[in-house]
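Trainee: Could you take me on a close look at one part of this structure, the place where the two chains meet? I would like to see how that part connects to what lies behind it.

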Protein chains: 2
Amino acid sequence: MTTIIDGKQLAKEVNAQTKDRVAALTQRGITPGLAVIIVGDDLASAIYVRNKHKKATQLGINSIVRQLPATVSQAELVAIVQAYNADPAIHGILVQSPLPVGLDEQAIVATIDPAKDVDGFHPLNVGRLFANLPGKYPVSCTPRGIMTMLDSLNLHLRGKRAVVVGRSRIVGRPMAAMLINADMTVSVAHVYTKDLSELTREADVLVVATGVTHLIKRNDVKPGAIVIDVGMDRDENGKLTGDVDFDGVFDRAGAITPVPGGVGPMTIATLMQQTVDLCEWSEQLGND
Amino acid sequence: MTTIIDGKQLAKEVNAQTKDRVAALTQRGITPGLAVIIVGDDLASAIYVRNKHKKATQLGINSIVRQLPATVSQAELVAIVQAYNADPAIHGILVQSPLPVGLDEQAIVATIDPAKDVDGFHPLNVGRLFANLPGKYPVSCTPRGIMTMLDSLNLHLRGKRAVVVGRSRIVGRPMAAMLINADMTVSVAHVYTKDLSELTREADVLVVATGVTHLIKRNDVKPGAIVIDVGMDRDENGKLTGDVDFDGVFDRAGAITPVPGGVGPMTIATLMQQTVDLCEWSEQLGND
């Protein structure tokens, strides 16, 4: 019996908790504030930002979307980030990727106050995660959402094998760090990996984040494995699909995320959760 | 034919380059400065610090050893680090580990100016490495020294399998990051790993940093593998030995580091190299 990991349902549960936490803060006169900066007119980015804004507003978060023209200079963008850094009403700052050519995205991310780095992309927060430092700091939302999914399955992860396919800064690398910190034996594969299938077949937990449609097929999966598909690809008919051939893998996996309705909704729910975390932490309130 | 990777000889070559670089800087009126802070009277720490001081002095680096009593307070230690941060004659600052109980080592490390973090332990530098950011920043010296060793073998690493046994902040984790950045497929194993031997036998490059004497034996190694032993253990006769059973593994490996005379000398040579890097970078001089 394969479990389909219902990201939509789990996201609803996380969002319900977030909404309660926002309400509790609001009662104390505090409203979590999220500033999203979007530069230029990339269509996909506009949709992502609109979805984040809508969800934040639904949950009672004060969501500010700052739309800037593609002609904005690096210095102007830095100044805007610094203004949000200094604004006590803003607890989370997010610069929507990608930025137009000519802007240095890494330099902008490094300008964000690490305590307001709601995406968890600031190298200081990346380093804290990778070194598994104690304390409270934001981390990348997609892998954090995946950890919430794994937690929901009540698995015994310690000592088991995880394989992460993809080594991006946003998903693959922080995912590997979180799984190492969860005491799993973790392998990181990527575009240069030879004999990928041999490796993925060893995985008790397989996370695939490559953007290659249906890269992972039935024979690449160990029977009973937990399969997490981060892909958001379009098939030949323009239909949204993943990096995993869901139909082929489905009854071989122990649990599997669908696309859509798997990792995607969890990422945005985690972003909202983390906005409220940052707000609580800034108020010296715990949430663990 | 197995290559014994002669860390002592390679360290000599690195040190010779470092000495030349120091001489070139001195001619321009700049002397690289290294401040080593040691707290309390741990015997092993005292030996390490003495060796660093001796080597730095030999190479023409201005080495300052600041010995503090175990009774020093966190605030006093922070103030001393901050004074070195502000001192333009000091390019590298190192706080010898371990600190006496009661002092928060992570908080002290986070106080070091990341541009003077010669050990590469500051979470900002850890994050830069793990995210594989471009630019110049210090990294952990033991794994950097191991990368120099691998470079000296002129291997084709891309796409090959690496297994790192141990997930410490100082060796295992940054080692894994560097090998991922070198386009290897990397697995991280540790104390909770099951079937360790199965995993290590897949490694083209095997790095062992566990502190468990002779954990890796002949049958745990793939024929022809490159075996890097970070262990500095004492056998039952008090003799220095490694995490790898050198005699058993020797003629099965393609190349192997001895203990002593392998990774150890490279770590200290890399520390000196990185002190001079920091000095050159602070002067806006390139070295790549």
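Mentor: Happy to; what follows starts at the interface and then works back into the chains.

A word on the ground rules first. This is a predicted model, in which local features need pLDDT of at least 70 and side-chain atom pairs count only at pLDDT 80 or more, while totals for chains, interfaces and linings use all residues. Residues are numbered from 1 along each chain as its sequence is written, chains are lettered from A and ligands numbered from 1 in the order in which they are written, and side-chain values use heavy atoms, with hydrogens and water left out.

At the interface, 37 residues of chain A are in contact with 37 residues of chain B, contact meaning heavy atoms within 4.5 Å. In chain A, the residues that lose the most area to chain B are A:Phe130, A:Arg173 and A:Tyr192, together 22% of what that side buries. The area buried between the two chains is about 3,100 Å², and carbon and sulfur atoms give 58% of that. Buried area here is the accessible area (1.4 Å probe) that two parts lose on being put together, summed over both.

There is a polar side to the interface as well. The rule finds 19 residue pairs in polar contact across it, both residues at pLDDT 80 or more. A polar contact is a pair of N or O atoms within 3.5 Å; within protein, one must be able to donate a hydrogen and the other to accept it, and residues adjacent in sequence count only if both atoms are side-chain atoms. Across the same interface of chain A and chain B there are 2 salt bridges, where a side-chain nitrogen of Lys or Arg is within 4 Å of a carboxyl oxygen of Asp or Glu. A:Asp183 forms a salt bridge with B:Arg167, with 2.8 Å between the closest N and O atoms.

Which elements of chain A supply at least two residues each to this side? They are helix H5 (123–130), helix H7 (172–181) and strand S6 (185–189); helices (H or I, at least four residues) and strands (E, at least two) are DSSP runs, numbered from the N terminus. The largest share, 7 residues, comes from H5(A). By class, this side of chain A has 17 nonpolar, 10 polar and 10 charged residues. For that count, Ala, Val, Leu, Ile, Met, Phe, Trp, Tyr, Cys and Pro are nonpolar, Asp, Glu, Lys and Arg are charged, and the others, Gly among them, are polar.

Now follow S6(A) across to the other chain. S6(A) runs antiparallel to strand S6 (residues 185–189) of chain B, and 3 bridges join the two; strands pair if DSSP finds at least two bridges between them. A:Val188 stands opposite B:Val186 in S6(B). This pair sits within an open sheet of 12 strands with mixed pairing, in the order S1(A)-S11(A)-S8(A)-S7(A)-S5(A)-S6(A)-S6(B)-S5(B)-S7(B)-S8(B)-S11(B)-S1(B). At the edges are strand S1 (3–4) of chain A and strand S1 (3–4) of chain B, each pairing on one side only.

Going back along the sheet into chain A, strand S8 (residues 226–229) and strand S11 (residues 255–256) run parallel and are joined by 2 bridges. There, A:Ile226 has A:Ala255 in S11(A) as its bridge partner. The loop between S11 and H10 of chain A holds A:Pro260, and the peptide bond from A:Val259 to A:Pro260 is cis, with omega near 0 degrees. In chain B, a cis peptide bond joins B:Val259 and B:Pro260.

A:Arg144 lies in helix H6 (residues 141–152) and A:Asp277 in helix H10 (residues 263–282) of chain A, so the pair ties together parts that are 133 residues apart in sequence.
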